[in-house]
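Please examine the sequence and the three-dimensional structure shown below. The text that follows them is meant to be read with both in view.

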Amino acid sequence: GGSDKLNTSVTLNKLTAGTRYMIRVWATDGSGVSQPIEKTVRTEDDIPSLPRLLRTARDIENGVELNWLPPVNPNGVITSYEIEYSTNSAFTTISGTVLTKNSSTHYNWTGPEFPTNYMRVRAVNSAN
């Protein structure tokens, strides 16, 4: 008789970044099905999509209140947000940056030097 080679590997495509998956494998032959082996894996993080609906309200003393919605595709665990401000809408020159201390989608920017110009927010995870 010949030697049958079994395919014992498979590539899983189009998995979501930063996601935990449980993989279960079992063998079948003419006499039945084996007990499965299981393994939990997590895909690597990827750059998050942009936060949504940045809103400002100037109702706090000496500052501005920023609110936004998290990205549709976090591609991992969001650890913080980076807020950049610039004197021009193209952000060709960045005037300054603030990194939030957590994943809250709210930030009160207070003090004598709060930005009165353009602001944008990006999400931060382990991929960036």
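The structure is a predicted model, in which local features need pLDDT of at least 70 and side-chain atom pairs count only at pLDDT 80 or more, while totals for chains, interfaces and linings use all residues. Residues are numbered from 1 along each chain as its sequence is written, and side-chain values use heavy atoms, with hydrogens and water left out.

The protein chain contains zero helices and ten strands. Both terms refer to DSSP runs numbered from the N terminus, helices being H or I runs of at least four residues and strands being E runs of at least two. Along the sequence the pattern is accordingly written β-β-β-β-β-β-β-β-β-β. Of the 128 residues in the protein chain, 27% are buried; here buried means under 20% relative accessible area, exposed means over 50%, and partly exposed lies in between, as computed with a 1.4 Å probe on protein chains only.

Strand 5 and strand 6 (residues 63-69) run antiparallel and are joined by four bridges. Within this pairing, Arg55 has Asn67 in strand 6 as its bridge partner.

The other open sheet also consists of three strands, in the order 8-7-10, with antiparallel pairing. Strand 8 (94-99) and strand 10 are the edge strands, and each pairs on one side only. From one strand to the next, the twist averages 20°. Seven bridges connect strand 7 and strand 10 in the antiparallel sense, and Ser86 stands opposite Tyr118 in strand 10.

Because Glu82 lies in strand 7 (residues 80-86) and Arg122 in strand 10 (residues 118-124), the pair ties together parts that are 40 residues apart in sequence. Glu82 is buried, at 17% relative accessible area, whereas Arg122 is partly exposed at 31%. Glu84 likewise forms a salt bridge with Arg120, with the closest N and O atoms 2.7 Å apart. This pair links Glu84 in strand 7 to Arg120 in strand 10, distant parts of the chain that are 36 residues apart. Glu84 is buried, with a relative accessible area of 16%, and Arg120 is partly exposed, with 37%.

A salt bridge is counted when a side-chain nitrogen of Lys or Arg is within 4 Å of a carboxyl oxygen of Asp or Glu, and by this rule there are four. Another of them joins Asp45 to Arg42, the closest N and O atoms being 3.0 Å apart. Asp45 counts as buried at 18% relative accessibility, while Arg42 is partly exposed at 36%.

Most residues other than glycine have a negative phi. Lys14, which is not a glycine, has a positive phi of about 60°. Lys14 lies in the segment before strand 1 (20-25) and is exposed, with a relative accessible area of 85%. Leu53 too has a positive phi, near 55°. Leu53 is found in strand 5 and is exposed at 55% relative accessible area.Finally, the largest pocket has a volume of about 340 Å³. A pocket is an open set of points, on a 1 Å grid over the protein atoms alone, where a 1.4 Å probe fits and with protein on both sides within 12 Å along at least five of seven lines; lining residues have an atom within 4 Å of a point. Grid points are joined across faces, edges and corners, and the volume is the space filled by probe spheres set on the points. The lining includes Leu6, Asn7, Thr8, Trp26 and Thr28. By class, the lining residues divide into seven nonpolar, four polar and no charged. Ala, Val, Leu, Ile, Met, Phe, Trp, Tyr, Cys and Pro count as nonpolar, Asp, Glu, Lys and Arg as charged, and the others, Gly among them, as polar.

Technical notes: Two strands pair if DSSP finds at least two bridges between them. Axes are lines fitted to C-alpha atoms, for helices over the stretch in contact, and angles run from 0 to 180 degrees between N-to-C directions.
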